[in-house]
Every structure is written in C-alpha cells, then in structure tokens.
Protein chains: 2
Amino acid sequence: MVTIKDVSKRAGVSKSTVSRVIANNGYVSERKREIIGRAITELGYRPNTMARGLRSNRTNIIGNVVVDVASPFYAQMVGGSQAACRQAQKSMLISSGYADQNDESNAIMELIDRACDGLVLYLENPVRDDLADIIRNSGIPVVMIGGDERKLGRAVIKIDNYSGAKAAMQFLIDNGHRHIIHLSGPLAYRDTRARLLGIKAALAEANIAADKILIRHGEYFEKFGYSETLSLLDSGHKFTAVFAGDDDIAAGVILALKERGLHLPKDVSVIGFDDNFHARHLSPALTTVRQPTREVGRLAIELLAQILDGNDLENTEITVPTELIVRESVTAI
Amino acid sequence: MVTIKDVSKRAGVSKSTVSRVIANNGYVSERKREIIGRAITELGYRPNTMARGLRSNRTNIIGNVVVDVASPFYAQMVGGSQAACRQAQKSMLISSGYADQNDESNAIMELIDRACDGLVLYLENPVRDDLADIIRNSGIPVVMIGGDERKLGRAVIKIDNYSGAKAAMQFLIDNGHRHIIHLSGPLAYRDTRARLLGIKAALAEANIAADKILIRHGEYFEKFGYSETLSLLDSGHKFTAVFAGDDDIAAGVILALKERGLHLPKDVSVIGFDDNFHARHLSPALTTVRQPTREVGRLAIELLAQILDGNDLENTEITVPTELIVRESVTAI
DNA sequence: CCATCTTGTGGGAACGATCCCACGCAGGGA
DNA sequence: TCCCTGCGTGGGATCGTTCCCACAAGATGG
C-alpha cells in the first residue's frame, strides 16, 4: 500500500506538506504543489480512510435506517438518498428490515459505532428512550423522516399524510359517495393516525356524520384488503366506495371485489394511498395519493449535508406535500 | 469517548489484556475476564471501528454495487443481501444508479478505499480493464452476480436466463402460438443475450424456423413495450403472442393492446420476464418467468462470508434456476 | 532598524486499537 | 536440578493520517 510517506519521499518534501496539498488548506508553494500532485498520480496514492477517520473523526459516511429496503416504497426513498449522497460525495451505509425494535436499536448503535457523520432515520415507531440518549450523547446529527417524538432530529421531514387523506376523502365525497369503507393500517403508526385525522376533517367539512364511514384496522398488506373486503361483502355491508390505507391494501380490495363479480369502478370505487409502483398497473388504474418518496430521500441527505457543512438549521421542519393522482378507479354516482 | 485504556485502568489491567478479552483470543484468567467485562459495561465502552480497521485492516463492511436500488428488481436483491448481512454481522455499504461507466468505476474504487472486506457486484456491463486491475490488486474478494468476463469473482452467481426464456418460449409454442413477437432488451446486456439464446433453442427443439419469430430490440422500459406494440399493430403485423423482454415491457405491451381494443388473452397472449412486483397486478395477471432476486442477494453475501471465513471456494459458479409462473395472460389457440 | 505579519516548510505527537515479544510462574519429565 | 511447556500478563511498536507547533525568510510598517 502506498502511503503519504511514500509520496512525500518521492516528492522530496515532508508528510505535512503532502497532507496540506491533499486537504487543500494551509500554505504550499505552487511549485511543490505541482510536484506533489505528480507524485500522487505516479504512485497511484489513495488516502487511507481508516487512518483519516481515526485522526479526524470524520468518515464521509451517512448511515440510513429504513423499515424495509426491499419494498418499493422505501426502495424509492433509498434511491433518492443514494443519488443525493453521490452528489454530496458521501458513502451510504444502509440498514433495514427491523421488525424487532431491539434489532433496530442495535442497527442504529452500529451506525454510531461506525462513526457515521450523520444519520437519516425513517422509523415507523418512536425511538426507544435508551437509544434516544445514546444518539443524543453521540452528538451525531440526525435527520428524521416521518416524525420525531424524541426531538432527536436537527431537521425533520414530514409527509403530509393528513392533507393527502383529506383530499382523497373529499374526492370520494365530491363524487357523491356517502357509504364509504376505510381499511386502515395499524393505529400504532404515526402515518395511519394522520390519515385518519384527514378523513375525519373531510367528513366534518362536508357536514357528514362521522359514522357514515366504516373503519377497519389491519396491516398494510394486500391480504388484509382482500380478506376484509370479502368478509364485509359477505356480511351484507352496503358501500359504494373503499378508501384503502395504502395501495397494497387497495390491490387486495380490487381482487376481492372482482372475485365477487362486481364491476369496477361502476359498482364500487376504490382509492388508495402511496402511488406505489403497481398502482397504475392495477385494473382499473388506481386513483391514489402520491407520496414523494424519492424526493424525501433526496431531501433528507441534502439537509444532512447542509448541517455537516456547518449550517445550523435548528428545528427545521419541512412538510412535503402529497398529491391526489386521479386515474380510473373512482367514478361519480 | 471511552477507550480501551479507560477500561484497562478501571479494571486494573493492561490494554493488552482488555484487547484479548474483546477479541476473545489468547490467555486470560477467568477472574480478570470477569472484572474486565464488568468494567466494559459500566463504562459503556464500545470499540472504535476506525482504530480497529486501521490496525487490523478489517472493517466488517461489505460493499455492494447494483445498477439501481430504486427499481423493485434490485431492491429485492438488496433486501436479501441486507438480511444476510445482518445475520453475518456485517454492515452494508451500498452504491448504485450508475448509468455512466465512469461513475460506476469511481463507486467501486470508493468501496475499495473504504477497505470493505468484500464486494458484491451486479453490473450489467463487463468491468473495464483498468478497474479490473485495481480490483485484482486490491486483493479484496469479490462475488459477481450475473457474469464475470474478467474473472474477478472468487465466486460467481448466475441466473438461468437461458432456461427461463426457453421455458417461456416453449410454453407459448405448446399453447399453439406460431406467430410470436419478441420485444427484447439491449443486446449489450448479458442477460438479454442469454434470453435470446433460450428462445432460439426452444424454436429449434420444436422444429420451428427461427424467422417465425419477430425480434425487436429496445430498452427494458414500459415505454418501449407500449410504443413498439402500437407501431407493430399499426403496420399491420399479425401475431398471436408477445414475449416481452421483461415485465416492464410487458406492462407497456398490455397497455397498447388494450388501447387498440384487443381482448387479452383471447386475441393476444403476453408473457413477461422477472416476475416483478407488478406482474400479478396486471390485468390479465401476467404469466412470466420468475428470477429469484431475493435469494440471489442473500446467496451472494453468504458466499462472501464463507470466503472471508477462509473457505476457498475457488472458481465456484452457482447457477440459480428461474421458474415459469403461469397466470392468466397466455391462452391456447 | 526592529517588530510584526505573511508565506512556506518540517517535525512529531496524537488518534485507539492490535498484536508481537518478553517475561514470570507453575508443574512435569528427564 | 534443569529444561520445557502451558498459562497469564504487560510493554510498546505500529497502522496512516491530521494538525499543532516551531521556525525561517521575506515583506511591510512605524
């Protein structure tokens, strides 16, 4: 391995001077700068990141924790982060798939141990107390996506689930729907609760009694949409529209409705949430609420990069908008 | 920051002894081992990864390069790798989105600089000569997915595109189709060529002249499937089936066929490749060839972990099978 | 002409681990 | 008694940087 010492020997200068050239700070004469530059390329010198990190406590690594990289939703987000990282000349350490909160905590600890310069966290549940302390004590800047009950984030990015759900609900109402089913995700999730509030708000604004809508809770899985729709149908419930908690649930709803011979969207309208990868491929193409996942991923890194550059951003909280995407699964009655 | 020195002071022993306890090697008396263990937890000591890496040249980081994390196909693979990494107690540095080969090379260099213990590469194009040399000189073990023209991989994982395409083609032939369109991806990609060979083989075995099938090349994008199908239709081509190079293309094909008022699969059968996320949501549900992406991601890490544990695996080449997934988009004529 | 500042350079102490080497002691075999 | 081996421990060099400090020479100003 070729070290800074080799370069300095070759260039006939001291290590210090070479270091100054590499870091591009301090005084170096133009002549030596050139000689050293040449020595570096000739020897193919590449700085040792470990040594650097040890000494300066900076790694240019950003640690990312998401719920599940494999799901298209998070994959999009990670894709956005990745692009931003490249632009900011940072590497991206990634950790995901933590159903278990202990695993999740360990993953975050691990990222801290790795001396990441900063962390981007997208967690569905609030951070545990002990972990929160560890993060705070580490002094590593954090950008939180989704929510920040523990006030860990130097910056917080929120997705406007409330307005999205409200818009979706209004759209159903405007299309004349009054008997609506909402198949919701787990109440424990922040996002679920925000959407629920949006729905309530839309009902209130339209002067519709809250009990006009039937809400069922389950997981954000296609299976839940499918089985719940079947059981609702079989128990004789009447409804003209289903507001699915997300597009996966919506896919299950559509499957179930079709299986019972219903015609979409004539007999039942369906609306989703996320604008996931498959939304436009469903039949009828799903009307849904788009979450700007890619942009969120990108934004998180950009904010972190700014913080690392010394900009304070104290208590920055950005709410990114959602957008109603009208396709073919909702019709007026 | 609490260091090994602090621990040694607290426990009244030398740094060396503490180090031995941490690494769990060498001789340490049971008594001291216990005292040191207690000191570690009391002080909340966590080893400094940088210092460790600098000295021992081992980081427990695995570098991954894929074409695009955001696409569901690669996301699945990364998800599999992630799970395996967790199990193997390794961290995962990830790099992707390199349309440009220079960027790709830089990304790999960067991973080498970071002293990754090993690399997993899934690249669509062969590695450039200069980069190949750098990788070889670095001595870092590599697991290649897809292909390994430069013989860089200690282990290679191939996906059986050939058999998959052959099976798909046979399925169309068995269903009586003789006028088939194949919308292929770029010839430059390994996978594309392997699929093409599979198609040829199926034709040959069925004693069908190779010119019975019309092949058009484009990108693995829905747009290509859509526009090409329209232009084929408009120029009066007659065909009973379309074999799409992948599921994205298939989605475009289906869209175009429907737009022209054709009934699927009655009028035209469609078959895809990948069994991507949206395949089952298409209407009709897409018959396609499944690639075991998640398993491949997992396998790559497992092989690498074995290599890092000192198992040679010299010239291991594993071909993972593909599987025809029959749904509703193909019918007999 | 001396003090001060700017520019340019090198020496060498950190950073926090690992791991080689030396050494001490006990027990057993020749 | 002497030597060897196994166990247990500590000292300290080392990994490749960064960065503080010392110092030198020339420019500038009063």
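Two strands pair if DSSP finds at least two bridges between them. Helices (H or I, at least four residues) and strands (E, at least two) are DSSP runs, numbered from the N terminus.

Welcome! This is a predicted model, in which local features need pLDDT of at least 70 and side-chain atom pairs count only at pLDDT 80 or more, while totals for chains, interfaces and linings use all residues. Residues are numbered from 1 along each chain as its sequence is written, and chains are lettered from A and ligands numbered from 1 in the order in which they are written.

**Exercise 1. Find how β1 and β2 of chain A pair, and which residue stands opposite Ile62(A).**

Step 1: Go to strand β1 of chain A, residues 61-66; its pairing with β2(A) is parallel and has 6 bridges.

**Exercise 2. Describe the side of chain B that touches chain A.**

Step 1: Count contacts (C-beta atoms, placed from the backbone, within 7 Å): 32 residues of chain B meet 32 residues of chain A.
Step 2: α4, α5 (72-87), β2 (91-96) and α6 (101-113) of chain B each give at least two residues to this side, and α5(B) gives the most, with 7 residues.
Step 3: Sort them by class (Ala, Val, Leu, Ile, Met, Phe, Trp, Tyr, Cys and Pro are nonpolar; Asp, Glu, Lys and Arg charged; the others, Gly among them, polar). The side of chain B that touches chain A has 16 nonpolar, 11 polar and 5 charged residues.

**Exercise 3. Which residues are the closest to DNA strand D?**

Step 1: Near means that a residue's C-beta atom, placed from the backbone, lies within 6 Å of the molecule or strand.
Step 2: DNA strand D is surrounded by 28 residues, the closest being Ile4(A), Asn48(A), Ala51(A), Ser14(B) and Ser29(B).
Step 3: The surface near DNA strand D divides into 11 nonpolar, 10 polar and 7 charged residues.

How values were computed. Contact = placed C-beta atoms within 7 Å.
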